[in-house]
Each structure stands twice: as C-alpha cells, then as structure tokens.
Amino acid sequence: MSENGLYIQLISVHGLVRNQDMELGRDADTGGQIKYVIELAKALAEHPDVDRVDLLTRQVIDSKVSDDYAQPEEEIGPGAKIIRLPFGPKRYLRKEVLWPYLDSFVDQALKHIRKIDRVPDLVHSHYADAGYVGAKIANLLEVPLAHTGHSLGRDKLRRLLDRGIKQESIEHEYRISTRIDAEEYALDNAEFVVASTQQEVNDQYSYYDNYNPDRMLVIPPGVDLERFYPPKSRWFTPPIFEELSRFLKQPRKSIILAMSRPDHRKNIASLVHAYGKNIALQETANLVIIAGNRDDIQAMEKGPQEVLNELLYLIDKYDLYGKVAYPKHHQADDVPVIYRLAAKSKGVFINPALTEPFGLTLIEAAASGLPVVATEDGGPRDIIGHCNNGILINPLDIEAIQLALLDVLQDRTAWQKRSKSGIKGAHRYFSWSGHVKTYLKQVKKVLRKSSTKRKIARRRTTRLPMSDRILVCDVDNTLVGDAESLEELMRCLQESQEKRIGYGIATGRYIESTIKTLEKWHVPMPDFFITSVGSEIYYNGSSRLIADTSWGRHIDHRWDPDAARNLMQTFKGVKLQSKEEQRTFKISYFYDPKVAPPVADIRKELRQNNIHVNVVFSHGMYLDILPMRASKGLAVRYLASKWGFHPERIVVAGDAGSDEDMLSGETLGIVVANHSAELNKLKGRERIYFASQECAAGILEGMAHYNFFGSMKV
Ligand code: GLC
C-alpha cells in the first residue's frame with residue numbers, strides 16, 4: 001500500500017460503461033454488472049484507505065452509440081474514474097467477439113499505468129474477459145488479482161445443454177470454451193474471488209478445476225442507498241407515472257412490479273399467466289412490467305424479440321388491456337422512482353426468474369420499502385433471509401405465484417412490517433460501505449501476504465512499469481566474456497538503484513541455458529529475457545518466470561516450420577543444431593560457408609517457395625530461421641511499445657549479426673570491440689557507437705557515451 005492510500009484497478013471490458021444515465025438493459029452486455037462495477041468504484045474511492053480507483057473498460061467509437069463511450073476518461077466521483085482504452089475495432093461489439101483483441105487491452109492498460117506513473121496495489125477483474133486481461137496484467141506487474149465472475153460459463157453451458165441445445169451451436173454462439181478457459185485462468189491466478197452468495201460458491205464455482213473455497217469471499221453487492229429510498233408520505237405523480245397512466249384504467253391501484261431484461265430466463269411469461277388467470281389479483285392490483293427499452297421489436301435480437309412478442313400475445317390472450325403497463329422507454333433515473341411509486345401504491349415487487357444467483361433488484365426494492373415475491377434460489381434466499389420482507393416461490397408454479405402475490409398485497413399489517421424490515425435489512429446488510437469494509441479487510445490481508453512472499457524470494461518486483469531508461473544486452477561475448485568489467489558494470493547498475501533503470505538481455509540461447517550462463521557469471525537476473533534470437537520473451541517474476549504469451553501469438557503469423565525445414569534440407573553445408581536449440585519459433589542450423597550457398601541465395605529460395613521467414617546469420621556460422629515477425633530487434637520494439645518506453649531511452653549492446661536489427665533504428669546502439677565481421681556495415685551509422693573496448697568494458701564505454709546514468713541526451 002503506498003503512503004497516500006491504495007490504488008485499485010477494476011477491469012470490466014464489455015458493454016456500454018458510463019456513469020451518467022447508465023443504459024442498463026439496452027443489450028445483453030449492458031446490465032447489472034456495469035452498475036455493480038460503477039458503484040463499487042464509487043464506494044471504494046469513498047473509503048479513507050483508498051486513494052484512487054480506475055475502472056478500465058473498452059473505448060467504443062461508433063455512431064450507433066453515444067459519444068460518451070468514446071471519451072478516454074470520465075469521472076465517477078472523487079478519486080474514481082472510468083478509463084476507456086482503445087483496442088481492436090473501434091465499433092461497438094458484443095462480448096463474444098472481443099476475445100481475439102484482449103491482448104491489446106493488456107498492452108493499453110500497461111500504457112495507462114505508465115502514463116499515470118503508478119502501479120496499482122490490486123487488480124480486480126469482472127467477468128471472464130476481464131479475468132483473462134486482469135490475470136495477465138497482475139502477473140506482469142506482480143500485483144495480486146481479485147476476480148468476480150458475475151455469471152459463469154460452466155453454469156451457462158449446463159443450462160443450455162439441459163434445454164437440449166447442441167454443444168456446437170452453444171460454442172458457435174457463445175464461444176463457451178474460450179470463456180471457460182478464461183475463467184479457469186482467472187481463478188488460477190486470483191488471490192481471492194468475490195461471490196455474491198454462498199450458493200454461487202457451492203453450486204457454480206464448484207464446477208471449476210480451480211475451485212478453491214478458501215479463497216472465496218461472499219460479499220453481497222451493495223445498493224446505492226442515496227438513490228433507493230422509500231417514498232415520502234404524499235402521493236406523487238412523476239413523469240413515469242404519466243407514462244404508466246397511458247396503459248392503465250386505474251393508475252392509482254396497487255402495483256405488481258417486475259423489472260428485468262427481456263430474457264427467457266427472467267420468466268416474465270409465467271407472471272403474465274399467473275396474473276391473467278386470476279381475477280382477484282387483477283382486481284387488487286395493476287401489473288407493471290419494465291423490460292428494458294425498445295424501439296422496434298422486429299429489429300431486436302431473436303431472444304428479446306421472442307420474449308416481447310409473447311408478452312404482447314399473452315396480454316391480448318387474457319384481455320388485460322387497462323391493467324398491464326409495459327412502457328417502451330424509461331430512463332435510468334426513472335428506476336428508483338418506479339420502486340417508490342410501487343411502494344407508495346402498497347404494491348409488491350416480483351422476480352420470477354428461473355434462476356437468480358444475484359437479485360440486485362430485490363435489494364433495491366427492499367431499500368425502497370417495497371415487499372417482494374421471488375424465485376426460491378441463492379440470491380433471493382439470502383436477501384429475503386436478511387430482510388424478512390417477502391415470500392419465496394417456485395417460478396414454474398403459477399398457483400404459488402398467485403397466492404404469494406395476493407398474500408403480500410392483501411394483508412396490510414404484514415405489508416407494513418415487510419416494508420419496514422426490508423428498509424432496515426437493506427441498510428444493514430446491503431450497503432456499499434459495508435461491502436467495501438469487508439472487501440478492504442481481505443485486500444490488506446492479501447497485500448501483507450504478498451509483500452512477505454516477496455521478501456522471502458529476496459527479489460524486487462519488476463521495475464519495468466516504472467523504468468525511464470532501459471539497458472538491453474546480448475549475452476555471449478557482449479555482457480559476459482570478461483569477468484572484471486562485468487563486475488564493474490553490475491556495480492554501476494547496482495549503485496544507480498534510485499535511478500529508474502530497467503535491464504534486460506537478448507540472446508540466441510534458450511531460456512534455461514541463458515539462466516545457467518548468467519548464474520555461472522554471477523549476473524543478477526534481469527527484468528526481462530529475450531531468448532532464442534527474439535522468438536521468446538520472459539519476465540522475471542518474484543517467484544517464477546513469466547512467459548509473454550502474447551508475443552508468441554503475435555509472431556505465429558504465417559509461421560510454417562515444416563515447410564521451412566523441408567526446404568532447408570535441400571541445401572548443402574547447413575546442418576541442424578542439437579534438439580534443445582530447436583524451439584517452437586526457432587529452427588537453428590550450423591552453416592559451413594565453404595560448402596553452403598550464400599545466405600542471400602537461401603533467403604531468395606525460401607521466398608520463391610512462398611515460405612515467409614526471417615533468416616538470421618551470425619558469428620559466421622549460425623543460421624536461424626524465425627517467423628517473419630520475430631527477431632531481437634522486433635522483440636525490443638514490442639517491449640518498448642507494450643511498456644511505453646521511448647526508443648531513445650533504450651540502450652542496446654551487441655556483437656553479432658543477430659543483434660543487427662536491435663542495434664539499428666531509434667534505439668541507442670553499442671557495438672563492442674570484439675564484434676564479428678557481420679556488423680562492420682553499421683559503422684558510421686547514426687546512433688550506433690563502436691566501442692574501443694571489448695565485452696562489458698565496451699558496454700560501459702558506450703553507456704558513458706550516451707550519458708546513461710545522467711541526463712541521457714543524445
Ligand atoms: C546461440 C543459440 C543458437 C543460435 C545462435 C545464433 O548460440 O544457442 O541456437 O543459432 O545463438 O543466434
């Protein structure tokens with residue numbers, strides 16, 4: 001925890017996220033989760049131990065949605081902001097198609113961290129997509145991850161299979177296995193998981209390979225008590241009342257209120273059946289159904305379209321005209337008012353959903369003094385258990401729904417009791433400030449644990465996010481080779497600890513062999529490793545190495561190693577190196593210049609055979625075949641862009657042909673005196689310094705030339 005207080009980064013990738021006038025229910029991706037994260041951000045920032053909260057989400061630039069979602073920043077409240085990061089296509093996309101772009105979300109998040117010059121104390125991801133992103137960011141930064149699933153893929157898969165839907169079509173529509181993989185990955189990496197109910201833990205998370213109940217924390221979501229409060233004593237007629245009055249013959253009758261997205265699972269149809277079939281119920285109360293906003297039902301997606309068509313049909317079938325209101329539109333600010341209207345009318349809130357792990361609307365109703373009837377499932381069971389403000393029902397039992405509604409509406413003494421106890425329970429058990437208190441207790445516990453872990457490992461956390469200059473060295477014959485000057489170089493780096501220096505190595509060796517060599521020469525572990533000639537990147541975590549998997553994905557482009565190997569076989573004088581030297585993205589040969597054709601001819605032949613690779617020749621004897629996008633230089637550039645380093649603040653040292661592309665360009669190059677002939681062509685180039693000394697002494701000489709420990713002006 002920094003001295004000013006905690007910096008918490010919340011991540012919620014999909015949907016339309018804004019603080020002002022949230023468009024909840026506009027589509028399947030813009031619902032309860034959006035509200036949850038905004039309110040959590042606000043409540044966290046209000047706590048005295050928290051200094052800053054950023055809610056990272058996707059930037060959407062699309063004329064079909066409001067321009068608000070294109071703004072890079074929006075304030076939620078003091079100390080809390082929405083940060084919108086651009087990644088993938090600009091337009092609004094549903095969450096199922098965002099998967100391929102999530103790695104660039106990671107890169108953008110790192111850029112943001114660099115820009116504000118502050119590493120979060122905790123990353124908290126929401127839903128599977130953010131779980132994927134959050135686990136990566138937390139690993140790269142070496143900070144703890146918290147995760148909230150909101151809803152879970154394995155549970156969804158099971159329900160869809162139960163409904164007889166085929167696995168392939170579930171896969172096609174929902175990318176369910178990608179989602180489940182991301183969830184497993186997030187659970188595997190999370191220090192703790194926040195669930196809303198115990199049932200969610202027992203019945204849903206338990207299906208995961210990474211189920212670990214010790215790390216699960218049940219804290220119900222809070223409700224915004226400043227927005228949801230009981231009605232004042234006078235009857236009132238807000239604009240939404242006028243809207244409802246267009247539907248209702250006797251608009252001041254008690255209201256049976258249902259509010260949910262038009263989703264099959266919300267089971268609105270059973271409610272209409274229950275109401276339509278019961279005259280006593282119709283005489284006692286009107287039915288008000290708030291099912292999102294709509295313009296043209298026919299233009300909506302299949303699911304909501306079916307639900308709304310069925311609703312209209314049932315109203316007609318039971319001839320409920322004048323008794324049921326189902327407004328086309330409502331604003332976010334109307335929602336608390338609708339609850340108050342229903343409470344004022346001595347009505348009831350009903351949630352007949354088929355399953356309900358959460359039930360935020362029930363807490364809102366409780367806080368508004370409106371008694372409830374709800375599905376007997378995890379969320380409602382907890383809420384009614386705490387608030388004692390209503391009745392649980394089997395959502396498929398029409399008669400039970402009718403009886404429960406009549407019971408709540410007709411017994412006025414019980415109504416008063418339920419209303420009062422709901423308000424009390426909401427304040428006591430479901431306030432955000434209470435939520436945040438429990439949450440922060442856990443966060444502090446985790447932070448204490450992770451700082452002890454770091455001390456035990458006796459390694460500092462990665463310096464990359466905070467570095468303002470970077471040294472990248474080739475290993476053999478550059479960094480190592482001369483023990484004395486190497487020791488001197490290490491001492492200089494050590495003594496400049498207060499400077500924000502990041503240091504990495506770039507080598508042809510594979511990772512295990514690199515580490516062995518560094519250990520042999522007593523070189524402290526660097527912040528990052530570019531190994532196997534730039535085809536692999538690793539970071540030095542406090543307890544383990546972390547592979548940069550997005551680099552692998554990036555360079556996989558057009559990589560066809562079999563084709564390359566087959567063609568290489570046809571050349572004389574090139575012989576495969578040992579098995580260990582062959583990597584997923586690197587094929588390595590010994591090259592005998594006396595027998596083999598010139599390297600330029602080999603390149604040409606490969607190209608003519610439509611084999612697009614990067615051929616790297618070094619030390620007059622090694623020939624490496626890499627994907628087009630892989631090289632030491634490209635890896636350095638990738639790291640620079642990922643972590644937001646300016647190339648002019650990167651000093652690169654090398655000695656051979658495989659270092660050529662990382663020495664050229666905007667970076668500041670050093671060629672040590674003992675370099676191979678391949679690098680002679682770089683002589684006289686701007687920003688490439690040819691040292692007069694060998695190995696580490698040459699590096700030190702070059703660093704002095706660039707004033708690396710000083711102002712670093714070229
Ligand atoms: C290292 C690697 C080898 C590679 C050479 C040149 O010696 O072990 O596989 O060919 O560097 O990049």
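A disulfide here is a pair of cysteine sulfur atoms within 2.5 Å. By that cut-off, a search of the whole structure finds zero disulfides. Some ground rules. This is a predicted model: local features need pLDDT of at least 70, side-chain atom pairs count only at pLDDT 80 or more, and totals for chains, interfaces and linings use all residues. Residues are numbered from 1 along each chain as its sequence is written, and side-chain values use heavy atoms, with hydrogens and water left out.

Back to the cysteines. How far is the sulfur of C473 from the closest cysteine sulfur? The distance is 11 Å, to C695, and that is too far for a bond. C473 is also buried, at 0% relative accessible area. Buried means under 20%, exposed over 50%, partly exposed in between, with a 1.4 Å probe and protein chains only. C387 counts as buried too, at 1% relative accessibility.

Now the sheet. Strands are DSSP runs of E, at least two residues; helices are runs of H or I, at least four; both are numbered from the N terminus. Two strands pair if DSSP finds at least two bridges between them. Eight strands form an open sheet, ordered β3-β4-β2-β1-β5-β6-β7-β8, with mixed pairing. Which strands stand at the edges? They are β3 (73-77) and β8 (216-218); each has a single partner strand, so one side of each lacks a neighbour in the sheet.

E73 has its bridge partner in β4, at I83.
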